[in-house]
Amino acid sequence: MTSLSTPLTISVIGCGYLGAVHAAAMAELGHRVIGIDVDKAKIDLLAAGRPPFYEPGLPELLTSATASGRLTFSTDIAAAAEATVHFVAVGTPQRAGSNAADLTYVDAAVESLLPHLSEGDLVVGKSTVPVGTAERLAAVVSGAGVGATLAWNPEFLREGFAVKDTISPDRLVYGVGEGDEHAESVLDAVYAAALAAGTPKVVTGYATAELVKVSANAFLATKISFINAMAEVAEATGADVTQLADAIGFDARIGRRFLNAGLGFGGGCLPKDIRGFMARAEELGVEQALSFLSEVDSINLRRRGRMVDLATEVLDGDVSGKRIAVLGLAFKPDSDDVRDSPALDVAVRLAELGAIVVATDPEAVETSRARHPELTYVSTAVEAAQDADVVLLLTEWKQYRDLDPAELTSVVSGRALLDGRNCVNPVVWREAGWTYRALGRP
Ligand code: NAD
């Protein structure tokens, strides 16, 4: 039976953007942690204290956690046998040719764990899954016959803030099986520090916990697409969507956060999560309830097309043979993640139209190159802008927000900036002699 005296021994299965941070953070909080992944290259890096991806604060956290001796890594699932709490943090990508989530990795991870479970162990799902998955997997875990149980504990971390969000989450959600008080006690022991600091905790059944995660993402996606829909209307009327957002954002019921019009959302979560949610709603016969998410997705994707159109317009109707500098490739600043990145998508579309695209990003050049080796990548904004006919700012990294037009004026061929994130001051750029265009603004 699990001893609830902390520190606990924890396994984290799947050491990607979520799992690696979770493993290091749990060790930092004093638990003994074994990170497990099937990707040997990733595990080798992590074991050497080096993150396999860019996340601010993670290198320091990994160094300190591995040096403490509390954090180790393995490719062998048998290493989980030492642990009594097992977090499942593997990927749930969009299934090829469908909107639905691919649960192959979650199923395989749980299946591989079964022979290593002992009485009182708790398997804790962290991956984002379609509602109904936890109940199905709870039966798989109890079917192992050793007296282990399952909980679902969705994760809300934001890439770029993952370390802070994991150590001090804004809420904890435990989805537990009926009458499984042990699960709640174990999770309380795992998160003792956050709970002591006053983090709110919501204990629910499995279905609610699963829905909390996907509905939170659906809400955020809707908020972004709402303002981007207003940007479309602004473009047709000569209104300015950034002023509109400021003005409606003063209403506390609306709020200004997540109301920045621009190239829209991307990444390894929001797009596939709203699609997976729609697919699951259809299976459940409640597709009408989520039909609006299909429009949320369409509005979001239309922004990328609009950006390509804007570049075409500024380049007198034809991008072919023109030099286009792309600043920003990651789906958001402070990340190297280019999964479903709007910025990378726009760069690729322009290259497909015959433009000579020279792209840069402070951290996401290598992740972009792995997906699109056909693009030309350089290290800095100035190199990208060399002889460019137009400069596209597509991810709002601080170094691009703070760019002084003078840094680029002497190297570009045409002084035109297209601000895909509404993140620089148009007055400054126009005063420096640049054409400034942005989404949703005159
Ligand atoms: P990721 O692709 O970066 O990481 C997944 C990892 O799981 C990979 O390293 C992969 O090698 C490993 N893996 C796959 N099968 C395995 C197995 N059988 N055993 C051990 N390891 C295995 O994905 P991610 O971004 O970390 O997302 C993981 C889950 O967390 C997803 O469901 C995602 O929706 C959810 N989530 C992610 C974030 C985020 O910001 N990235 C935030 C909240 C929730």
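**View 1. Surroundings of L350.** Leaving aside residues up to four places away in sequence, L350 is in contact (heavy atoms within 4.5 Å) with V308, A311, V319, I324, A355, V357 and L392. The model is predicted: local features need pLDDT of at least 70 and side-chain atom pairs count only at pLDDT 80 or more, whereas totals for chains, interfaces and linings use all residues. Residues are numbered from 1 along each chain as its sequence is written, and side-chain values use heavy atoms, without hydrogens and water.

**View 2. The nonpolar cores.** A nonpolar core is a set of buried (under 20% relative accessible area, 1.4 Å probe, protein chains only) Ala, Val, Leu, Ile, Met, Phe, Trp, Tyr and Cys residues joined through side-chain atoms within 4.5 Å. In the largest such core, of 54 residues, the members touching the most others are I324, L329, L350, V391 and L392. Elements that each supply at least two of its residues include α12 (291-314), β9 (323-327), α13 (342-352) and β10 (356-360); helices (H or I, at least four residues) and strands (E, at least two) are DSSP runs numbered from the N terminus. The largest share, six residues, comes from α13. A second, separate core has 42 residues, among them L58, L122, V124 and A189.

**View 3. Packing of α4 against α5.** The axes (lines fitted to C-alpha atoms over the stretch in contact, with angles from 0 to 180 degrees between N-to-C directions) of α4 (residues 104-113) and α5 (residues 133-143) come within 10 Å and cross at roughly 20°. The two helices α4 and α5 are therefore roughly parallel (under 35 degrees) to each other. V106, D107, V110 and E111 of α4 meet R136, L137, V140 and V141 of α5.

Terms used:
Buried means under 20% relative accessible area, exposed over 50%, partly exposed in between (1.4 Å probe, protein chains only). Angles under 35 degrees count as roughly parallel, over 145 as roughly antiparallel, 65 to 115 as roughly perpendicular and the rest as oblique.
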